[in-house]
Every structure is written in structure tokens, then in C-alpha cells.
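Hello,

Here is the structure I promised to pass on to you.

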Amino acid sequence: MELYKELKTTARYTAILNKNWINSVRDFLQYLPRTYENRESIMTLEQINLQDKSVVCSVKWLITDKWFFQKGKLKIYDIKFQDELWNLGKIAIYNASYLASKIEKDKRYIITGKPAYKFWRIVFTNPEVSPSEFTELQNNMSEWWIFPIYSEMNGIKPNRFANKMRLVLPKIKNLFSEYLPAEFLQKFGLMWIQETFKQIHYPDNIDKLWQAKYRIFFDKLLRVQLHSLLTRKDYQDWTTFNTECQVDRAIIKDIVSKLDFQLTNAQKKALKTIIENLHEQKPMMRLLQWDVWSGKTVVAAIAAYYTFKKFWAQSVFLAPLEVLADQHYKTLAKLLLPLWMRIEILKWSLTKQQKDKVKQDLKDWKINLLVWTHAVIQDDVMFKDLMYVVIDEQHKFWVKQRSAFNKFGSPHILQMSATPIPRSMALAFFGEFDVSVIDELPAWRKEINTKIISESEFLKLKTRILTKIAQKQKVFIVTPLIEESDKMEDLKSAIAEFENVKQLFPWLSNRIWLLHGKMKPAEKDEVMRWFKWDKFDILVSTTVIEVWVDVPEATIMVIKNAERFWLSQLHQLRWRIWRNSLQSYCFLETKKKSWEVMKRLEAMEQTNDWFKLAELDLKTRWAGEILGTMQSWETDIPLEILSDMRFIEKVREWAERLLQKYPNLDWLDWLQKYLNERIGNVLA
């Protein structure tokens with residue numbers, strides 16, 4: 001039956017749903033509420049117990065009047081309201097213009113806060129405020145105390161969704177059937193799928209609502225794990241290596257003895273694991289996490305040398321940007337060329353003749369290691385015997401390139417990431433990879449000295465900056481702009497900061513430069529080369545310097561409006577001045593002194609541990625924002641689930657058991673199809 005008949009609505013309403021991928025009642029039921037209105041705890045003013053000073057109350061009210069006045073530096077908003085029984089109350093808002101701006105006259109809201117009796121009236125001071133979108137509900141819905149709030153869709157109001165959703169609730173039992181084995185449901189205490197959809201839309205109580213959300217979140221996490229396991233199986237089934245020989249430790253000792261530094265214990269442990277993986281019959285799929293200057297490139301390079309000497313096979317290093325590919329090439333050439341490995345780089349700046357020569361030599365096995373960006377995955381680039389692939393900054397590219405490597409016989413893959421990912425998240429979202437972490441820095445490294453400063457204190461850094469410049473050291477000044485933004489205000493702000501710095505150091509005006517995201521790639525590369533080649537001393541830049549560019553002489557960084565950055569981003573930025581044995585200084589300038597801002601920034605002062613900072617970020621950000629590549633079905637899993645390592649390990653274990661025990665059941669295909677569909681946003 002057509003959707004508009006099932007929902008007893010109009011063709012116009014149905015057309016809007018169709019444009020949003022809702023083409024059936026089943027799709028409609030998978031459009032989940034974004035939040036809920038709990039009317040169980042909502043009171044009238046008469047029901048409030050003013051004797052209990054600690055009680056927090058919720059009241060639904062209609063705004064009747066709103067006015068503003070200022071008393072010295074104090075901004076005061078006086079807002080009058082009436083509850084559903086026409087009792088009058090008042091909201092007092094002090095120095096919170098944002099909160100006051102959300103409240104409009106003649107609209108209904110739910111206020112939550114501690115009430116007090118002042119001026120012959122009940123008053124709420126700076127309360128929490130949320131719109132009350134359900135003022136009139138049809139179809140006798142009074143028995144439901146917890147009401148679903150849906151996102152508005154092209155003019156379709158939330159209350160209309162609520163009415164139509166309740167109309168089709170009886171169809172759930174015919175449209176959804178349980179696809180997980182009973183033992184699985186019992187093991188994890190999961191609600192049956194039919195009951196899940198009923199309770200997610202119209203829960204009987206808060207406990208039932210949480211169980212329904214838990215099932216939805218569980219299914220999302222299970223989908224990630226199944227996808228990871230199937231992906232790993234699919235990739236590894238392409239080839240089987242004949243590498244049953246023993247590990248040749250003499251090869252490793254030979255190259256390690258030629259290093260001008262000692263490997264850390266963390267490097268040795270990671271290297272040992274990678275070499276052992278190279279001797280396994282199935283292709284390695286390993287994620288190597290690292291902190292700056294923790295030696296990840298050296299570990300990957302030693303494994304490439306081992307691949308060459310032990311198996312006489314080829315390797316490739318992939319980087320997301322040409323400037324980073326150049327950096328890798330120089331590092332690898334210095335280490336491996338003296339060991340008789342031929343290394344080449346393939347990049348756009350080469351002539352066609354040069355490119356063709358590299359491609360032909362690669363095919364003829366004259367090149368042992370190739371460095372390039374992910375553009376190396378082209379039809380005319382062929383390897384004679386590719387066995388080992390290193391992908392730097394895996395979140396920049398992976399899915400497309402992984403499938404492309406199948407044509408080369410599914411080589412071993414080592415993915416390196418500088419994004420600090422908590423262990424639970426690494427397991428949850430990169431389940432197809434084994435994970436190694438290099439979290440130990442060389443003994444000669446000094447901790448970055450990080451300090452929060454005000455705008456006036458920034459001016460006092462003038463003498464220190466001049467002293468460092470006199471010592472041939474360099475300075476970054478970073479502005480918090482969003483590189484993807486097309487707003488000219490961003491560029492104007494960067495230019496304004498550039499001019500301010502020039503005014504602060506007038507005698508150095510020709511030694512100060514500007515770098516921003518609106519520049520062409522070639523222009524950015526040229527500016528960075530000039531900076532490294534000592535053509536200027538101070539670089540005013542947007543966050544484009546998050547790209548892994550090596551400027552060892554840079555020892556001071558000032559991050560303007562630091563409160564606008566996440567901790568992980570701040571840490572990645574200050575890495576730019578952690579490239580040498582000199583003492584480095586990072587100054588976090590902020591105009592905001594709120595408790596929340598100071599607590600976050602103080603964490604930067606207290607630790608250089610990227611995992612600790614990532615954990616703090618995880619408490620205030622969605623996982624997808626940290627990883628940068630996650631899809632909507634991955635970003636709304638609540639923290640208590642995402643950070644529960646034991647739970648994630650159990651899901652992983654049972655996902656493996658499902659694939660082993662029920663490999664040919666119809667429900668597996670159906671589950672994959674179902675979990676790939678759009679299932680909406682549920683707030684934790």
C-alpha cells in the first residue's frame with residue numbers, strides 16, 4: 001500500500017518524506033526521536049515545595065512579557081510567565097544574553113532550576129530552558145507521560161510526526177523480526193527488536209527508554225564490529241604468503257647498529273610485532289599510533305628494509321600530501337640508501353618523462369621502495385612484487401586505497417596515525433586492525449612548556465620572542481580559523497592578526513609572513529620552504545600547519561583564542577614546535593575565563609600525554625569529531641558505552657562468534673542491510 005494511505009496523510013507530506021529517504025512505513029518507523037519531553041516530573045507553580053532549598057523543579061510555562069535593563073556592568077533580563085493553570089512566575093537572567101535570546105514572548109518552554117520566593121512571586125534564576133514543542137496532542141495521547149520530540153523535516157512539525165508515529169505503532173510486529181540469536185539477546189540483556197521500536201518512540205517509562213536506546217546503540221556498535229571483521233576477512237582472503245621461515249634477527253641488528261640513536265623500548269616492541277606479522281601467512285593489518293618524534297617512521301623503515309633483505313620484495317610509503325611525501329623521502333633516503341636500497345619518489349612536480357621512468361623501473365623491480373601520495377593508486381602504476389605498504393595518516397585515505405591494493409595481491413598494510421585515539425575507540429572503530437602504540441619518547445626530548453595567557457600578557461612576550469629570533473629560532477602565531485569555510489571574515493581575521501603582529505615588531509615587518517587555507521597548495525609549500533630556509537622568522541598561520549611539516553628551528557607558538565580549539569587539536573598544533581632538543585614554549589591566549597574553558601586549557605598545561613587529552617576530549621565531543629572520518633551511525637554512541645572497554649571487547653568477541661557459528665544464515669545479510677539504512681539520531 002502507498003505510504004500516504006498507510007499514514008492517512010497527503011501526497012505533499014509523503015513527497016517530503018520520500019525526499020528524505022522515507023519510502024515505506026518501515027522507513028518511517030526508523031526515523032527516531034531526537035529527544036524526549038518527560039511530563040512525569042513537570043509541575044505547576046502550586047506544586048512546588050519552596051521549603052526544600054535544594055530541590056530542582058521543572059515547570060511548563062508561556063512567556064507573557066520580557067524586558068531588559070542594565071545596572072552598572074550587570075545585564076538583567078526580567079521575564080514573566082504563566083503556567084498551565086494561569087499562575088504567574090518570573091525568570092531572572094543575569095549576564096547570560098545567550099540564554100535570554102533563546103526565550104521568545106508568546107511561546108511555551110520547560111524551565112528547570114531551583115525556585116525561590118522573591119518579590120511576592122516564584123522566581124527561577126538563570127535556569128535551564130528548552131522549548132515545549134508539544135502543547136496540543138491529538139488521538140488521546142494523554143496516557144503517555146514521556147513524549148517523543150522529532151526533528152522538523154522541511155516544514156513537517158514534530159507533533160505531526162508524533163501523531164503519525166503512534167498511528168503506525170501496531171504495524172511494528174509485522175515489519176520487524178528479531179535477527180539476533182536468543183543466546184545473544186540473553187548474554188547482553190538486549191530488548192527484542194519489536195519492543196525496541198515501540199519503546200524508542202513511545203516509552204512506558206525512563207527505564208524502558210534506556211533499554212531501547214541501549215539496543216539501538218548496541219546494534220550500531222555491532223554493525224561496526226561486523227563490518228570490520230568482514231572487511232578484514234575479505235582483504236586477507238585474497239592472498240596467502242609463503243613465509244613460514246624463521247625471523248632473521250641479524251638483518252634487524254645490522255640496520256639498528258647503523259642508527260645514530262638508540263631505539264626506545266616502545267619502538268622495539270612495535271618493531272618486533274610488525275616483523276612477526278610479516279612472517280604470517282595472512283596479510284598484516286596493523287594500526288600504529290604514535291606521538292610526535294616517537295620514531296614511527298624509523299620503525300616502518302626498518303620493516304621495509306627487512307622486507308627487502310629477507311623476502312626481496314617491494315614496499316611503498318603513502319602520504320596524504322606531497323610536502324609530507326617529500327619529508328618521508330628525505331628521511332628514508334638518509335637511512336636506507338647507504339644500505340643499497342633504491343628509493344624513488346613519484347610526485348606531480350616531476351616531468352612526464354621522469355614519471356614514466358619511475359613507473360617503468362618500478363615494474364621492472366629496479367625500485368625497492370616508492371614514496372608518494374595516495375595518488376600512487378593509478379592503473380598505470382604497477383609493482384613487480386609489492387609486499388609491504390605503509391599508509392601515513394590513515395584517516396586521510398583508506399577505504400578506496402585498501403580495495404585497490406587487492407590487485408597487487410593484498411600486501412601487508414601498516415597504517416600510522418598521529419590522531420590520539422583512546423584504546424576503546426581504536427577497538428570500536430578500527431576493529432579490523434591490530435593496534436600498536438609508540439608512547440615512549442626519546443630521553444633527550446624536553447617537555448613543551450605550555451602556559452595560558454591573556455591578551456595583555458601576549459604583548460609582554462615581545463622580549464622573549466626577540467631573544468629567540470636572535471638565537472636563530474622561529475615563531476608560530478596561530479589563528480583559529482576553519483579552513484573549509486568560505487566566509488571572507490575568516491581570511492580578514494587572519495590578515496588582521498598578521499597586521500597586528502607587524503605593528504608589534506615594526507623592525508621585523510619584512511621577516512613576518514602569512515599562511516592561510518585560501519592559498520593554493522603550491523603557494524603554501526613555497527611559504528613553508530621559505531620559513532625553513534630562514535627567509536623569515538615569524539609565521540602567522542591558520543590551522544593549516546596541523547599538516548605534518550618539519551620546522552626544527554620553531555620553538556615558540558602562540559595560539560590565539562585557544563578556547564575555540566579542542567584539546568586534541570591544540571596538542572597537534574603544539575607538535576609543530578616539538579621537533580628538536582631545545583626547550584619549546586606554547587602560549588594559549590584566551591579572552592574567556594569561564595570555569596569550563598579554564599579547566600580544558602589547564603589540562604594542556606598539566607600534561608603532554610596525548611591519550612589523556614584524547615580521553616578528556618571524548619567526554620565533551622562525539623567520537624566522530626575526534627576521528628574526523630566517522631559517519632553519523634558512529635558518532636551518537638554514548639560515552640558510557642564507547643568508553644567501556646570490557647563491553648566493546650565482549651561485542652567484538654560475540655561478533656566473531658556470530659560469523660563463525662551462523663555464517664550462512666539469512667539474518668546476517670538482512671542485518672547488514674538493516675544496519676546500513678538510515679536509522680536517525682538518538683540522543684544519549
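This is a predicted model: local features need pLDDT of at least 70, side-chain atom pairs count only at pLDDT 80 or more; totals for chains, interfaces and linings use all residues.

On one side, E4 pairs with strand E3 (residues 57-71) in the antiparallel sense, over ten bridges. Lys80 in E4 is the bridge partner of Asp65. Two residues separate E3 and E4 in their hairpin, and Gly72 in the turn has a positive phi of about 65 degrees. E4 is also joined to strand E5 (residues 88-94) by seven bridges, again antiparallel; here Asp78 stands opposite Ala92.

A nonpolar patch lies on the surface, formed by Tyr117, Phe119 and Trp120, with about 500 Å² of accessible area together. Phe119 belongs to the loop between strands E7 (115-118) and E8 (121-125), and counts as exposed because its relative accessibility is 63%.

Now the rings: the structure holds 24 aromatic pairs. One of them is Phe28 with Phe161, stacked at 5.9 Å centre to centre with 20 degrees between the planes. This pair links helix H3 (residues 25-29) to helix H5 (residues 158-168), 133 residues apart. Phe28 is buried, with a relative accessible area of 0%.

Phe218 and Phe647 have their planes at 70 degrees, so they make an edge-to-face pair. Both belong to a cluster of linked ring pairs, which also includes Trp210 and Trp654.

Finally, the charged end of Lys560 sits over the ring of Phe458, 4.0 Å from its centre.

Enjoy exploring!

Terms used
Residues are numbered from 1 along each chain as its sequence is written. Side-chain values use heavy atoms; hydrogens and water are left out. Patches are made of residues with over 30% relative accessible area and no salt bridge: like charges are joined within 9 Å, nonpolar side chains (Val, Leu, Ile, Met, Phe, Trp, Tyr) within 5 Å. Accessible areas come from the Shrake-Rupley method with a 1.4 Å probe; for residues, only the protein chains shown count as cover. A salt bridge is a side-chain nitrogen of Lys or Arg within 4 Å of a carboxyl oxygen of Asp or Glu. Helices (H or I, at least four residues) and strands (E, at least two) are DSSP runs, numbered from the N terminus. Buried means under 20% relative accessible area, exposed over 50%, partly exposed in between (1.4 Å probe, protein chains only). Two strands pair if DSSP finds at least two bridges between them. Rings of Phe, Tyr and Trp (its six-membered ring) pair if their centres lie within 6.5 Å; planes under 30 degrees apart count as stacked, over 60 as edge-to-face and the rest as tilted. A charge sits over a ring if NZ of Lys or CZ of Arg is within 6 Å of the ring centre and within 35 degrees of the ring normal.
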